[in-house]
Amino acid sequence: MPTVAGPSDRTVYAEQLRKEVAEALHPHVVSEFAASLDARDPGRPAPSLPHIGDVPADPGLVLALTTALAALEGADEAVVLRAAGHEWELHPSVRPVLEALVSGARLTFGDLAERSGLTVEQVAALATELVSKDAAAASHPS
């Protein structure tokens, strides 16, 4: 901010600032801001014991997000998941798994693999990443 500049420099600066703010205030800015806040919500930490390291490729394990405020974007090139204060850019093939999780579903690795065409091992690798960041919990069915 040109606090020690002359009046004309301050006017130019103010006009540039006004222009940048006006451009940033597009019609969906409030929705985007709300989604951003939701995705940063830490959720409710849930223990994933004994799965605190690598989550085993067990088709009977259940996976669920620990936050109801996750955001999912993208389609062709990459899928972006924002949850529990983290962001992942993932291959589009995991979209069916993420859509199920973001909807609040608690599904077994086997069900998630079947819905997505992924292997149980691939679902377990995704689960390991999400569990390591406290964005999901893996457990045995109750």
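Which residue in strand 4 does Leu81 stand opposite? Leu81 faces Trp88 there. A few notes to go with that, for the model above.

1. First, the ground rules: this is a predicted model, where local features need pLDDT of at least 70, side-chain atom pairs count only at pLDDT 80 or more, and totals for chains, interfaces and linings use all residues. Residues are numbered from 1 along each chain as its sequence is written, and side-chain values use heavy atoms, with hydrogens and water left out.

2. Now the sheet. Three strands form an open sheet in the order 2-3-4, with antiparallel pairing (two strands pair if DSSP finds at least two bridges between them; strands are DSSP runs of E, at least two residues, and helices are runs of H or I, at least four, numbered from the N terminus). Strand 2 (71–74) and strand 4 are the edges, each with a single partner strand, so one side of each has no neighbour in the sheet. Strand 3 and strand 4 are joined by five bridges.

3. Next, look at helix 3 (residues 95–102). Its buried residues (under 20% relative accessible area, 1.4 Å probe, protein chains only) are Val97, Leu98, Ala100 and Leu101. Down the helix axis they fall within an arc of 160° (taken from the directions from the axis to the C-beta atoms), so they line one face of the helix. Just after helix 3, Gly104 has a positive phi of about 100°.

Note on methods
Buried < 20%, exposed > 50% of the residue type's maximum accessible area, 1.4 Å probe, protein only.
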